[in-house]
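This briefing goes with the sequence and structure shown below.

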Amino acid sequence: MTGKLPLRLTNIASRSTGRSLSCLALAATATGTGTRSIATTASSMRLRPSTLISKQSALLPRPTLLQHSFRRSFADQAPKVELSPTPKPKKRFRFFRLIWRITYLSSAAFVGWIGWSIWQLRNPAEQFEPDPNKKTLVVLGTGWGSVSLLKNLDTENYNVIVVSPRNFFLFTPLLPSCTTGTIEHRSIMEPIRNILRHKKATVKFYEAACTKIDYEKKVIYAQDDSDVKGDSMETEIPFDMLVVGVGAENATFGIPGVREHACFLKEVGDAQRIRKQIMDCVETATFKDQSPEEIKRLLHMVVVGGGPTGVEFAGELQDFFQEDLLKWVPQIKDDFHVTLVEALPNVLPMFSKQLIEYTESSFKEEHIEIRTKTMVKNVTDKYIEAEVNNPDGTKTVEKIPYGLLVWATGNALRPVVKDLMSQIPAQAKARRGLEVNEYLVVNGAQDIWAVGDCAVANYAPTAQVAAQEGAFLARLFNTMAKTDAYETELKELSAKQSTANPDDRKVILAEITERQKQLRRVKQIGPFQYSHQGSLAYIGAEKAVADVSWFSGNIASGGTMTYLFWKSAYLSMCFSTRNRVLVMFDWVKAKFFGRDVSRE
Ligand code: FAD
Ligand code: NAD
């Protein structure tokens, strides 16, 4: 009987008469189910009595329902209708319900945040032209140092001009992953136009290389090196302030044959070239009638330099072989071989001893050969010549044949930096880059600052240092602009004060005191201080090593958990939400479908 009640309830209610609920009460009493049946049915319908009444009252004239029908028929004739409350969910279900709510609310918030970031990225606000009377700030480069500066700079304070042969920012920590197709190169590139278009005031960008800096004339010379040429290919750009953030080029130490035969790993083009050459070596090695020696040579992948670049690349390459190449080209199983050549007694010299040992043992397990105390002296198109320091103290020269040679032996000065150093007497003794003071001002020059790999400030040439230097300069320049504004205002106020009447003078004096206080506060910017967050490196086979700063100490860790940390750290450091999403997709794609083994 109770099963029928909902239907009757609905029918009665829909008649819209004052008798509807009295009928309901009668019907319930008549069925003999009484109060319980109504309560049970109501709760089975997920309708509480109050809901019933409010639904009814939406359909009926309220006074009729409340005063006559309900009170007289329902409340009086069936006086003891006690509607039991909805049973409380059991405690354990309450917990799961809470977890579920938190999960979907946070997922919704995450999706909302992604959506908002994408919308913001795609819809930059209108920009205004900065005042032409403001100082011209020229920024060279679009790498870690310069982009960090541009990101944090209030561009409305200066006429900013950016000059770089690369019209994008490159997230270098994930570049080794591009050599094997784990990550697509466009996923770690952020167009400089996107970055600049989001600034409040317009910033000019010229895709060109600076060929010379004339620090006395305060002018730079820029050359358009792109394939498409216009009328103007060379120009000069005057500056009031200059930031040099041109990075470094690959060190070859003048070793013959390196530039001609080796691949570097610094730019997107380098990663693309390596990716192509790996597959070229594999396909050529499997060509008909290839001799066994030639197959061995072609499949010998040699990496020179046991710094983080060399180690990360060797790890990525071995992963590619184990996870993909072996599956699709099984015939190379016994011949594909990765060797890491290092002049020093161990790899990764900047990491702690235990992590060096961990990396070396992990490489052994992965079948990556490490040749330490081996210094390359000469490079030909098919082999390298290396001087090996033997355990007995003797030295021998060995020829090591290779199919692919990747050269990762660190940084060297760019010609434009060398040229600037040669113009400044205070830089005569500098060897590794532009020597700067604690405010990153180039020693011996005025209004020229240097950041990143081209500057020598007693820190390692890393992205971390460059980014912090760039952010510091932005703070400094923002402060300088404020200082200029306060000083101008102070001059105006003191001129006003001298001609003002005594009452106005009091007000002006109070204003002057306030401005002076503000001026003192903004002038209190301290020198640049680097805060080391730690070092991270991927070593292959889903393992990473990390030396992370923790309070005043250091935590050294290695393994799969560190690899997950490495992944999340680099994901969070990607330049934009777009980069983050693309990198995530690439990782998922490589996991599910494997890496692409096509040559291009
Ligand atoms: P860059 O980022 O190299 O930028 C230099 C800019 O100057 C570029 O835009 C370039 O096009 C431009 N330029 C060049 N010549 C001229 C010219 N003549 N005129 C105008 N512009 C010019 N560091 C870390 O801390 N963690 C890591 O995990 C890490 N991984 C790395 C992985 C690889 C494969 C490599 C190569 C480096 C890695 N580094 C890492 C080091 C880090 O990338 C550098 O320290 C950092 O890029 C230095 O920043 P920068 O701004 O000085 O120079
Ligand atoms: P590096 O300077 O760190 O290491 C180069 C290595 O090459 C040295 O160990 C050197 O002994 C060796 N070498 C030099 N000449 C040689 C020769 N002729 N034969 C054999 N070995 C030779 O260079 P890198 O790895 O390119 O790194 C450059 C900078 O970028 C460093 O400051 C590094 O810390 C930074 N970086 C950091 C990361 C990271 O944190 N994960 C990754 C890549 C690069």
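Asn378 stands opposite Glu385 in β15. The model is a predicted one.

- β14 and β15 run antiparallel to each other and are joined by five bridges.
- The two strands make a hairpin, with three residues between β14 and β15.
- β15 spans residues 383-389 and has two faces: Ile384, Ala386 and Val388 are on the covered one, while Tyr383, Glu385, Glu387 and Asn389 are on the uncovered one.

Most residues other than glycine have a negative phi. Two residues of this chain are listed here as exceptions.

- His367 is not a glycine, yet its phi is positive, about 65°.
- His367 sits in the loop that links α14 (353-365) to β13 (368-371).
- Is His367 buried or exposed? His367 counts as exposed because its relative accessibility is 56%, and the cut-off for exposed is over 50%.
- Leu440, likewise not a glycine, has a positive phi of about 65°.
- Leu440 is found in the loop between β19 (434-435) and β20 (448-450).
- Is Leu440 buried or exposed? Leu440 is buried, because its relative accessible area is 1%, and buried means under 20%.

**Ligand 2**

- Which residues are closest to ligand 2? They are Thr309, Glu342, Val376, Pro461 and Leu536, out of 24 residues that surround the ligand.
- The shell around ligand 2 is made up of 14 nonpolar, eight polar and two charged residues.
- At least two shell residues come from α13 (308-328), and at least two from β14 (374-379). β14 is also the strand that forms a hairpin with β15.
- Glu342 has a polar side-chain atom 2.6 Å from an oxygen atom of ligand 2.
- Glu312 has a polar side-chain atom 3.4 Å from a nitrogen atom of ligand 2.
- Pro308 contributes through its backbone: a polar backbone atom is 3.3 Å from an oxygen atom of ligand 2.
- On its own, ligand 2 has 840 Å² of accessible area, and the protein covers 79% of this.

**Ligand 1**

- Ligand 1 is surrounded by 29 residues, with Gly145, Thr172, Cys210, Asp453 and Tyr570 as the closest.
- By class, the shell around ligand 1 holds 14 nonpolar, 12 polar and three charged residues.
- Four elements each supply at least two residues of this shell: α7 (144-152), β2 (159-164), β6 (209-214) and α16 (463-499).
- Which element gives the most to the shell around ligand 1? α16 does, with three residues.
- A backbone N or O atom of Ala463 is 3.0 Å from an oxygen atom of ligand 1.
- The side chain of Arg414 places an N or O atom 3.5 Å from a nitrogen atom of ligand 1.
- Arg166 has a polar side-chain atom 3.5 Å from an oxygen atom of ligand 1.
- The protein covers 89% of the 990 Å² of accessible area that ligand 1 has on its own.

**The chain as a whole**

- The chain contains 19 helices and 24 strands.
- How many of its 600 residues count as buried, as a percentage? The share is 44%.
- Among contacts with a separation of 6 or more, 65% are between residues 24 or more positions apart.

Key
Residues are numbered from 1 along each chain as its sequence is written. Chains are lettered from A and ligands numbered from 1 in the order in which they are written. This is a predicted model: local features need pLDDT of at least 70, side-chain atom pairs count only at pLDDT 80 or more; totals for chains, interfaces and linings use all residues. Side-chain values use heavy atoms; hydrogens and water are left out. A residue is near a molecule or strand if one of its heavy atoms lies within 4 Å of it. A polar contact is a pair of N or O atoms within 3.5 Å; within protein, one must be able to donate a hydrogen and the other to accept it, and residues adjacent in sequence count only if both atoms are side-chain atoms. Accessible areas come from the Shrake-Rupley method with a 1.4 Å probe; for residues, only the protein chains shown count as cover. Ala, Val, Leu, Ile, Met, Phe, Trp, Tyr, Cys and Pro count as nonpolar, Asp, Glu, Lys and Arg as charged, and the others, Gly among them, as polar. Buried means under 20% relative accessible area, exposed over 50%, partly exposed in between (1.4 Å probe, protein chains only). Contact means heavy atoms within 4.5 Å. Two strands pair if DSSP finds at least two bridges between them.
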